[in-house]
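Please keep the sequence and the structure at hand while reading.

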Amino acid sequence: MKSTDVTSASGPTRANHASRANRVMAGAVWLLLAALPLLPVPEFWITQANYIGMFALVVLGLVLLTGVAGLTSFGQAAFVGLGAYATALLSTRYGLSPWLGLVAGLLLTLGVALVLGWITLRMSGHYLPLATIAWALSLNYTIANLDLLGKYDGILGVPALQFFGISLADGRAMYYLIWLCAVLGAVAVRHLLDSRPGRAIRALGGATVMAEAMGVSTFRYKVIVFLIAALLASVSGWLFAHVQRTVNPSPFGLRMGIEYLFMTVVGGVSSVWGAFVGAGVFKVIEDQLKELLPRLLGSNGNFEIIVLGVVLVLMLKYAPKGLWPAVQLLAARRWPQAGRRRDWQGAAALPSRPRPPRGEPLLRVDRLRKQFGGLVAVNDVSFTLHAGDIMGLIGPNGAGKSTTFNLISGVLPASGGTIELGGTPVAGWPSRRIARLGLSRTFQHVKMIPDMTVLENVALGGYLRGRSGTLKAMLRLDREEERRLLAEAARQLQRIGMQDHLDELAGNLALGPQRLMEIARALCSDPSLLLLDEPAAGLRLKEKQALADVLRQLRQEGLSILLVEHDMDFVMGLTDRIVVMEFGTRLIEGTPAEVQASPAVRAAYLGTEH
Ligand code: ADP
Ligand code: MG
């Protein structure tokens with residue numbers, strides 16, 4: 001196979017121009033960053049830049065936690081406090097090296113965040129943000145009332161950092177350390193988001209049911225992003241303590257927690273470089289206003305908070321995704337981007353599972369039952385699907401077909417009955433565990449991550465076929481496996497006729513292609529049993545025929561398929577056996593010919609009494 005080479009439609013010349021312009025600009029920014037302390041700029045600028053770097057570290061965590069994973073935290077300042085107090089206490093009272101203080105702060109933060117995360121991350125909706133407010137207040141209150149920590153006065157005389165004998169007491173020296181931490185943090189977060197665990201994390205914001213069905217433990221990833229965010233905040237606190245040379249409780253309170261969230265939203269809640277923009281804009285505005293407002297208004301007070309509120313409202317109206325994405329959008333208009341070039345030529349194929357022997361019972365459903373309150377959606381339904389068969393599950397709307405799918409795949413718990421997959425009883429298992437046995441599925445209402453590319457969405461289907469974890473991804477040690485995963489995703493997309501859409505955002509696809517993408521995603525897991533809920537809905541005739549051909553080919557390869565579909569031509573021409581459901585019960589099971597000849601089925605579809 002030739003390597004897949006994706007370029008945008010706007011032509012290579014303009015795109016090359018664009019990437020050169022981008023590179024030149026990025027290079028200029030890096031150079032300025034690196035040279036800033038060497039230039040004859042006022043000390044104040046350096047101080048500002050240092051604060052921006054330290055804020056950005058915290059905001060980076062919030063980008064992951066709130067922007068990407070959808071978990072709002074008002075409490076990040078408390079973790080900054082843990083990092084700051086740990087090093088302040090150890091270095092002043094016990095005379096330990098601040099570098100040990102860093103390690104101690106990280107360990108302390110890890111412990112506290114694990115406990116807090118374990119308790120609060122199971123909460124949903126508004127309870128989580130409320131819980132973060134609660135522990136932010138109580139951690140701050142605890143710090144402020146411990147004699148050991150100097151109560152409200154805090155700890156004075158925190159030493160400056162030493163780096164191999166070089167003192168970092170000077171702001172210009174600290175600048176390099178702070179920005180090294182911040183940039184390394186940003187790069188690690190970017191690497192993480194573009195990886196196997198990153199795709200799972202990006203599903204946390206609104207596609208958890210789908211991710212679980214692909215084998216992802218979403219709770220585990222919530223804990224992981226919570227820990228990463230807390231640790232980034234803790235590093236920021238460590239730096240802060242050695243910049244300020246004193247710590248007290250006030251910078252680690254709820255107000256600062258809210259301001260970190262403000263910076264995140266302003267910069268672009270889910271964009272990594274937005275963290276720096278948000279922190280920068282916040283710091284500059286806040287300082288200017290602190291000077292300006294009392295002069296204008298003739299009295300002192302925290303007026304800047306009002307102005308920041310107004311800025312936030314304006315932003316949500318005119319650049320709801322944040323400043324950085326708005327800038328990116330403008331830049332993309334001016335200089336159209338070249339599509340990403342990917343080269344997975346020579347990537348080894350992923351391991352695949354052995355197929356169950358043809359004709360063996362693969363899925364055995366016995367007296368399966370589901371009640372929603374008084375409604376019996378699935379009423380003691382039994383059937384057996386044999387390996388290598390395509391089985392249709394048909395029936396009028398509301399018959400209980402999708403619910404049956406949800407029970408078999410573990411998306412919903414059954415109220416009764418048994419499900420055996422390859423001889424293993426799986427009723428009561430979570431969907432991610434059932435997925436490990438080789439079951440994959442699509443959803444009647446497409447479930448995807450709209451702001452991720454088609455290729456990435458499909459690669460999430462291959463989650464269980466990879467191993468690389470969070471740390472490996474952050475350190476970019478996962479590239480070989482990533483190439484294999486993406487190559488497999490591309491292969492499945494190609495097979496389903498979607499090779500021209502790899503780099504499109506999934507949310508921009510029409511409904512038909514979205515369904516095809518879901519099938520490719522399910523195939524990417526190398527399933528033994530594939531559950532398709534209305535795969536042909538929204539497809540044109542030609543596309544339906546192509547899909548039927550693909551499904552036949554899959555059957556040829558030993559895959560078993562259970563399929564819900566309303567298009568009778570599609571079902572009758574494709575399936576080996578059919579189960580008909582009505583009002584939650586199984587009406588009949590038989591070959592397509594038998595089902596077509598059944599008076600009961602006709603009655604069910606025409607709605608007449610029988
Ligand atoms: P089908 O896929 O055959 O059209 P469904 O399985 O979606 O039917 O639905 C079967 C019945 O169960 C319908 O009456 C539907 O309203 C009900 N139902 C499905 N899911 C739920 C739910 N989560 N809560 C309550 N009722 C539900
Ligand atoms: Mg349905």
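Which element gives the most to the lining of the second largest pocket? In this predicted model, that element is α6, with eight residues.

**The second largest pocket**

The second largest pocket has a volume of about 630 Å³, and of the 21 residues that line it, the closest to its centre are Leu 184, Gly 185, Ala 188, Leu 232 and Met 474. Two or more lining residues come from each of α4 (98-120), α6 (171-193), α9 (218-244) and α17 (470-474). By residue class, the lining holds 18 nonpolar and three polar residues, and no charged ones. Because domain 1 (44-254) and domain 3 (450-525) both give residues to this lining, the second largest pocket lies between them.

**The surroundings of ligand 1**

The residues around ligand 1 include Phe 372, Leu 375, Pro 396, Lys 401 and Gln 444, and the shell as a whole divides into five nonpolar residues, six polar and one charged. Oxygen atoms of ligand 1 take part in the polar contacts listed here.

| Residue | Atom of the residue | Distance to an oxygen atom of ligand 1 |
|---|---|---|
| Gly 400 | polar backbone atom | 2.9 Å |
| Ser 402 | backbone N or O atom | 2.9 Å |
| Thr 403 | polar side-chain atom | 2.5 Å |

On its own, ligand 1 has 560 Å² of accessible area, of which the protein covers 60%. The elements that give two or more residues to the shell are β4 (375-386) and α14 (401-408), and the largest share, three residues, comes from α14.

Definitions and conventions
Residues numbered from 1 in each chain as written. Chains lettered and ligands numbered in written order. Predicted model: local features only at pLDDT ≥ 70, side-chain atom pairs only at ≥ 80, totals over all residues. Heavy atoms only, no water. 1 Å grid on protein atoms, 1.4 Å probe; cavity = no way out; pocket = protein on both sides within 12 Å on 5 of 7 lines; lining within 4 Å. Points joined across faces, edges and corners; volume = space filled by probe spheres on them. Helix = DSSP H or I, 4+ residues; strand = E, 2+ residues; numbered from the N terminus. Nonpolar A, V, L, I, M, F, W, Y, C, P; charged D, E, K, R; others polar. Domains from an automatic or database assignment. Near = heavy atom within 4 Å. Polar contact = N/O pair within 3.5 Å; in protein donor to acceptor, adjacent residues only side chain to side chain. Areas by Shrake-Rupley, 256 points an atom, 1.4 Å probe, with all protein chains shown as cover.
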